[in-house]
Amino acid sequence: MDELKSIIRDVPDFPKKGIVFKDITTLLQDAKSYHRMIDLLSHHYIGKRVDKVIGVEARGFIIGSALAYKLGAGIVLVRKPGKLPSETFSKTYALEYGTDTLEIHKDAIKPGERVLIADDLLATGGTMAAVVDLVQSMGGELVDCCFMAELEFLEGRKKLPEGKVFSLLRF
């Protein structure tokens, strides 16, 4: 894991002063590291039935799509408002300063389907908590919230269902 962590680039003062941004593009562009990361994440779910993987805009699409392929599951996209072409459910949630909204197609999750939610990074947990609410309100059964990396000091996992969080790398 240290090898994968070492490939992720720290970008100081991005997107604003005082923040050290974890730039995963350095890992994604390295074929061997990207393949290893997806293999390690998918291995965690082998033997667990996963019907759908949700990729959360936008980097979650990269991880979610690869996981869905490896697990033989469908891929569902959760997007910002106005980006999905059919009828949607939406969830507005609080940010540090203001609110944001996410949408999912109304027919994306059927009651009883087992859903894995994937994203690149768990930070404060607000976005993922909103996606969990969407899945549960549609009758989906949450398998897990899956992340390539977690910023533990932000305690985002506290906003998510206990025992339903898996992070490959922790910072």
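**Salt bridges and burial**

Visitor: Is Glu150 buried or exposed?
Guide: Glu150 has a relative accessibility of 2%. Buried means under 20% relative accessible area, exposed over 50%, and partly exposed in between, with a 1.4 Å probe and protein chains only. This is a predicted model, in which local features need pLDDT of at least 70 and side-chain atom pairs count only at pLDDT 80 or more, while totals for chains, interfaces and linings use all residues. Because the cut-off is under 20%, Glu150 at 2% counts as buried.

Visitor: Which residue forms a salt bridge with Glu150, and how far apart are the closest N and O atoms?
Guide: A salt bridge is a side-chain nitrogen of Lys or Arg within 4 Å of a carboxyl oxygen of Asp or Glu. Residues are numbered from 1 along each chain as its sequence is written, and side-chain values use heavy atoms, with hydrogens and water left out. Between Glu150 and Arg157 the closest N and O atoms are apart by 2.7 Å.

Visitor: Which residues are linked with Glu150 in a network of salt bridges?
Guide: Glu152 and Arg170 meet in a salt bridge at 3.3 Å, N to O. This pair links distant parts of the chain, 18 residues apart, with Arg170 in strand S9 (165-170) and Glu152 in the loop between strand S8 (141-150) and S9; strands (E, at least two residues) are DSSP runs numbered from the N terminus. The network links Glu150 with Glu152, Arg157 and Arg170.

Visitor: How many residues apart in sequence are the parts tied together by Asp100 and Lys80?
Guide: Asp100 forms a salt bridge with Lys80. Asp100 lies in strand S6 (98-105) and Lys80 in the loop between strands S4 (74-78) and S5 (88-95), so the parts tied together are apart in sequence by 20 residues.

Notes
Helix = DSSP H or I, 4+ residues; strand = E, 2+ residues; numbered from the N terminus.
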